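Please consult the sequence and the model while reading.

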Amino acid sequence: EVMTLAAKDQEPSKAFEDLFPWLLQRFTAEQESVRITILSELLFTPTLPEKMWPEKLPHLRKLWTLCSKARESSSYTVTWQSVGKQLVKRSLEEWTAGAGPTEACLFGMEVATTPLSL
């Protein structure tokens, strides 16, 4: 519910900036099934629009780190691979000749190719 309200805020970017620290704390305190739901709701519904991912990259990195260190990290592999592919795809669509890879593209390549497992 909180994520949906942030998405509907007049300034969703600021709302998510305020929400992410709380969300990351909450994420670590929850059970595996709730974590999977939070991650899916955040990334695969209009809650955090994909166009905001590059802007919120520091928070996505923190979430990625939490997921990769969790006991159930293998449960998140498919989700993060999908996120990575989307970040790389968007970066390629916005790429201009002569420009190097963006931070979003580099992060996308990292999460798309790193299997999470114990």
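Q: What covers the buried residues of α4?
A: This is a predicted model, in which local features need pLDDT of at least 70 and side-chain atom pairs count only at pLDDT 80 or more, whereas totals for chains, interfaces and linings use all residues. Residues are numbered from 1 along each chain as its sequence is written, and side-chain values use heavy atoms, with hydrogens and water left out. Helices are DSSP runs (H or I, at least four residues) numbered from the N terminus, and contact means heavy atoms within 4.5 Å. The cover over the buried residues of α4 includes α2 (12–29), α3 (32–44), α5 and α6 (103–113).

Q: Which residues of α4 are buried, and why do they line one face of the helix?
A: Buried means under 20% relative accessible area, exposed over 50% and partly exposed in between (1.4 Å probe, protein chains only). The buried residues of α4 are Leu57, His59, Leu60, Leu63, Trp64 and Cys67. They line one face because, viewed down the axis of α4, they fall within an arc of 155° (taken from the directions from the helix axis to the C-beta atoms).

Q: Which exposed residues does the face of α4 turned away from its buried side carry?
A: Helix α4 comprises residues 57–69. On its face turned away from the buried side, the exposed residues are Pro58 and Lys69.

Q: With which residue does Glu72 form a salt bridge?
A: A salt bridge is a side-chain nitrogen of Lys or Arg within 4 Å of a carboxyl oxygen of Asp or Glu. Glu72, in the loop between α4 and α5, pairs with a residue of helix α3 that is 37 residues apart in the chain. The closest N and O atoms are 2.9 Å apart, and the partner is Arg35.

Q: How many residues apart in sequence are the parts tied together by Arg90 and Glu50?
A: The side chains of Arg90 and Glu50 meet in a salt bridge with an N to O distance of 3.7 Å. Arg90 is partly exposed at 24% relative accessible area, and Glu50 is partly exposed at 28%. Arg90 lies in helix α5 and Glu50 in the loop between α3 and α4, so the parts that they tie together are separated in sequence by 40 residues.

Q: Which residue is linked with Glu55 and Lys56 in a network of salt bridges?
A: Lys56 and Glu55 meet through their side chains at 3.5 Å, N to O. Lys56 is buried at 2% relative accessibility, whereas Glu55 is partly exposed at 44%. The network joins both of them to Glu17.

Q: Is Thr79 buried or exposed?
A: Thr79 is found in helix α5 (residues 77–94). Not counting residues up to four places away in sequence, Thr79 touches Leu39, Leu43 and Phe44. Its relative accessibility is 15%, so Thr79 counts as buried.

Conventions:
Helices (H or I, at least four residues) and strands (E, at least two) are DSSP runs, numbered from the N terminus. The expected span of a helix is 1.5 Å times one less than its number of residues.
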